Amino acid sequence: MHVLVVEDEVTLAETLRDGLGAEGFTVTVAHDGLTGRDLAMTGRFDAVVLDIMLPGRNGFRVCRDLRDGGVTTPILMLTAKDGELDEAEALDTGADDFLSKPFSFIVLLARLRALQRRSAVSDVRAVTKAAMRVGDLVLEPMQRRCRRGEHDVSLTAREFDLLAELARCSPDVVSKTDILARVWGAEFEGDPNVVEVYIGYLRKKIDVPFSRMSLTTVRGLGYRLDAQ
Ligand code: CA
């Protein structure tokens with residue numbers, strides 16, 4: 001994950017660079033608003049940590065410029081302490097989250113990871129708008145339609161989402177953990193065996209009536225959808 005930190009307090013910027021670097025992030029630092037904005041405009045970052053009080057151009061305006069410019073990179077804004085108004089304005093300008101100074105590094109890390117998860121989910125949704133084909137199995141996410149050859153297959157919303165995730169990753173194996181996170185959502189706290197249950201439902205609809213075995217359980221690893 002490549003993070004852009006736009007922060008004019010050099011010591012804080014360096015602390016973030018070192019801390020995030022130690023957690024496996026790639027970090028680019030800008031010390032003023034204009035440099036930060038120009039870097040972020042490239043859209044090549046996975047997240048932006050953006051201070052408000054910056055030389056050149058303040059964080060609110062940078063945030064607004066980025067959103068107006070069509071940049072959808074998640075933005076975490078650093079607001080002044082007790083800055084309730086700042087927080088409202090931060091969200092209003094298109095920031096995804098805010099953190100008031102002084103903040104704990106652990107909290108910043110957790111917020112960044114949450115932003116990353118949320119944006120991964122929306123990426124998946126954007127990608128899966130296109131029709132997917134695995135052998136003669138065709139999924140049309142916009143119409144929520146599933147076909148095996150010439151036959152329409154009626155799926156519930158959850159079955160469709162699960163099959164779409166497997167189709168998107170096919171022929172790779174998708175772990176139960178990833179399926180739960182991407183199909184049921186990160187907040188899911190129920191029985192993880194729900195995945196196996198739904199795989200069973202899907203087999204009865206997309207495989208059994210057609211004498212296929214396209215949906216495979218790879219023991220200990222997850223599930224795979226094959227073209228056959
Ligand atoms: Ca500042």
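User: If exposed means a relative accessible area over 50%, buried means under 20%, and partly exposed lies in between, what is the relative accessible area of Ser 211?

Analyst: In this predicted model, Ser 211 is placed in the loop between helix H8 (194–207) and strand S10 (215–218). Its phi is near 50°, a positive value in a residue other than glycine, and most residues other than glycine have a negative phi. Since the cut-off for exposed is over 50%, Ser 211 counts as exposed because its relative accessible area is 69%.

User: Which residues are the protein donors of the calcium ion?

Analyst: Along the chain, the donors of the calcium ion follow the spacing D-x42-D-x1-M. The two aspartates link distant parts of the chain, one in the loop between strand S1 (2–6) and helix H1 (10–22) and the other in strand S3 (residues 47–51), 43 residues apart. The donors lie 2.1 to 2.3 Å from the ion, through OD of each aspartate and O of the methionine, and they are Asp 8, Asp 51 and Met 53.

User: With which residues is Cys 63 in contact, leaving aside its neighbours within four places in sequence?

Analyst: Cys 63 has its place in helix H3 (residues 59–68), and it is buried, with a relative accessible area of 0%. Once neighbours within four places in sequence are left aside, the residues in contact with Cys 63 are Leu 50, Ile 75, Met 77, Thr 93, Gly 94 and Ala 95.

User: What distance separates the centres of domain 1 and domain 2?

Analyst: The domain assignment of the protein gives domain 1 as 2–121 and domain 2 as 130–225. As a separate distance, the C-alpha atoms of Cys 63 and Ala 131, 68 residues apart along the chain, are separated by 34 Å. Taken over C-alpha atoms, the separation of the centres of domain 1 and domain 2 is 37 Å.

User: Where is Pro 171 found?

Analyst: Most peptide bonds are trans, whereas the bond from Ser 170 to Pro 171 is cis, with omega near 5°. Another cis bond runs from Lys 101 to Pro 102, with omega near -5°, and Pro 102 is found in the loop between strand S5 (97–100) and helix H5 (105–127). Pro 171, for its part, is found in the loop between helix H6 (157–169) and helix H7 (176–184).

Definitions and conventions. Residues numbered from 1 in each chain as written. Predicted model: local features only at pLDDT ≥ 70, side-chain atom pairs only at ≥ 80, totals over all residues. Heavy atoms only, no water. Domains from an automatic or database assignment. Helix = DSSP H or I, 4+ residues; strand = E, 2+ residues; numbered from the N terminus. Buried < 20%, exposed > 50% of the residue type's maximum accessible area, 1.4 Å probe, protein only. Donors = N, O, S within 2.8 Å, 3.2 Å for Na, K, Ca; no water. Contact = heavy atoms within 4.5 Å.
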